[in-house]
There are 2 protein chains.
Amino acid sequence: MKTVQRATEDVFTAIAHPLRRELLNLLAGGEHTAGQLAAPFAVTRPAVSQHLRVLLDAGLVRERRDGRERRYRLDPDRLTVVRDWLASHERLWRLRLHALGDYLDGQEQP
Amino acid sequence: MKTVQRATEDVFTAIAHPLRRELLNLLAGGEHTAGQLAAPFAVTRPAVSQHLRVLLDAGLVRERRDGRERRYRLDPDRLTVVRDWLASHERLWRLRLHALGDYLDGQEQP
DNA sequence: TTGACATGTAAGCTATACCTTACGTATTGT
DNA sequence: ACAATACGTAAGGTATAGCTTACATGTCAA
């Protein structure tokens, strides 16, 4: 019986919400203040603040205090979790394709 | 004001749940029946069935009826959504690293 | 110092994700 | 025909995600 648990700091959960992905996209353009990040969206500023918290907990984003502002920047290291999962998946899939190809090759020329 | 909406068939949401990722991992090993997919987990069979539905809606998995069984297989095409998002992200980040590198190069040798 | 600003946090509401048990529906074997 | 099998779906409960408004905190500027 596999038991599966979920962590608040889960990267997959963090990138599941479209608004959070938009925030990451903005941050890919460089450091931004909380206000700059909140401005483009229809939701309230506290909502964005809470989304930023999720990204922080997931380790995707770092915070730097600068006077009365807080500047956020991307920390893309933890995205490797996603890339690795994706890569292992594609590797497995490729193996299966090869197996299928070999099988078909065997059928073609008996 | 950017408005952001969420779709049930969202791939990112589908892969957010660890159990669903486990299911995809199993399916990467080839076609499985619903029962085979449910067996390894601590949750009930209907729960797994509902997770499979989410994966179906996201287009990550296909269903084939075979007698009284249903066989599921991976359809990895839609994973490109994730890979593309990741790739564009890494591209942007690489640009930023280059920009930073150029800046530092400029500083080193004034 | 005092007021305006930038921001996070608290409290509370609503929608929904996720689980369970109970049931319905084909399909297979006897 | 009948019982067993392999499933999906319905109904309902509970936790929590995600939003809002109201408030607290720290900083700048006059």
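In what order do the three strands of the open sheet of chain B stand? The order is E1-E3-E2, and the pairing is antiparallel. The structure is a predicted model, in which local features need pLDDT of at least 70, side-chain atom pairs count only at pLDDT 80 or more, and totals for chains, interfaces and linings use all residues. Residues are numbered from 1 along each chain as its sequence is written, and chains are lettered from A and ligands numbered from 1 in the order in which they are written.

Chain A contains five helices and three strands, where helices (H or I, at least four residues) and strands (E, at least two) are DSSP runs numbered from the N terminus. Along the sequence, these elements follow the pattern α-α-β-α-α-β-β-α. Chain A has 110 residues, of which 23% count as buried; a residue is buried if 20 or more other C-beta atoms, placed from the backbone, lie within 10 Å of its own, exposed if 12 or fewer do, and partly exposed in between. Of the contacts in chain A between residues at least 6 apart in sequence, 58% join residues at least 24 apart. A contact here requires that the C-beta atoms of two residues, placed from the backbone, lie within 7 Å.

The strands of chain A form an open sheet of three strands in the order E1-E3-E2, with antiparallel pairing. Two strands are taken to pair if DSSP finds at least two bridges between them. The edges are formed by strand E1 (32-33) and strand E2 (61-66) of chain A, each of which pairs on one side only. E1(A) is joined to E3(A) by two bridges in the antiparallel sense, and A:Thr33 has A:Arg71 of E3(A) as its bridge partner. Six bridges connect E2(A) with the antiparallel strand E3 (residues 69-74) of chain A. Within E3(A), A:Arg70 is the bridge partner of A:Arg65, and A:Glu69 stands opposite A:Asp66. The hairpin of E2(A) and E3(A) has two residues between the strands, and A:Gly67 in this hairpin adopts a positive phi near 65°.

A:Gly59 is located in the loop between H4 and E2 of chain A. This residue counts as partly exposed because it has 15 C-beta neighbours inside 10 Å. A:Gly59 and A:Asp75, 16 residues apart in sequence, are separated by 7.0 Å from C-alpha to C-alpha. Helix H2 (residues 18-28) of chain A lies across E1, E2 and E3 of that chain and runs at about 90° to E3(A). Axes are lines fitted to C-alpha atoms, for helices over the stretch in contact, and angles run from 0 to 180 degrees between N-to-C directions.

In the sheet of chain B, strand E1 (32-33) and strand E2 (61-66) stand at the edges with a single partner strand each, so one side of each is left without a neighbour in the sheet. E2(B) and E3(B) pair in the antiparallel sense through six bridges, among them one in which B:Glu69 of E3(B) is the partner of B:Asp66. H2(B) lies across E1, E2 and E3 of chain B at about 90° to E3(B).

Helix H2 (residues 18-28) of chain B also packs with H4(B) at an angle of about 75°, the axes being 10 Å apart. H2(B) is therefore roughly perpendicular to H4(B), a class that covers angles of 65 to 115 degrees. B:Leu19, B:Arg20 and B:Leu23 of H2(B) make this contact with B:His51, B:Leu52, B:Val54 and B:Leu55 of H4(B). By class, five residues of the contact are nonpolar, one is polar and one is charged. Ala, Val, Leu, Ile, Met, Phe, Trp, Tyr, Cys and Pro count as nonpolar, Asp, Glu, Lys and Arg as charged, and the others, Gly among them, as polar.

DNA strand C is surrounded by 20 residues, the closest being A:Thr33, A:Gly35, A:Pro46, B:Thr44 and B:Gly67. Two or more residues each are given to the surface near DNA strand C by helix H3 (34-38), H4 and E3 of chain A together with H4 of chain B. A residue is near a molecule or strand if its C-beta atom, placed from the backbone, lies within 6 Å of it. The surface near DNA strand C comprises seven nonpolar, eight polar and five charged residues.

DNA strand D is likewise surrounded by 20 residues, and the closest are A:Thr44, A:Gly67, B:Ala34, B:Gly35 and B:Pro46. Here the elements that give two or more residues are helix H4 (45-57) of chain A together with helix H3 (34-38), helix H4 (45-57) and strand E3 (69-74) of chain B. Seven nonpolar, eight polar and five charged residues make up the surface near DNA strand D.

Terms used. Angles under 35 degrees count as roughly parallel, over 145 as roughly antiparallel, 65 to 115 as roughly perpendicular and the rest as oblique.
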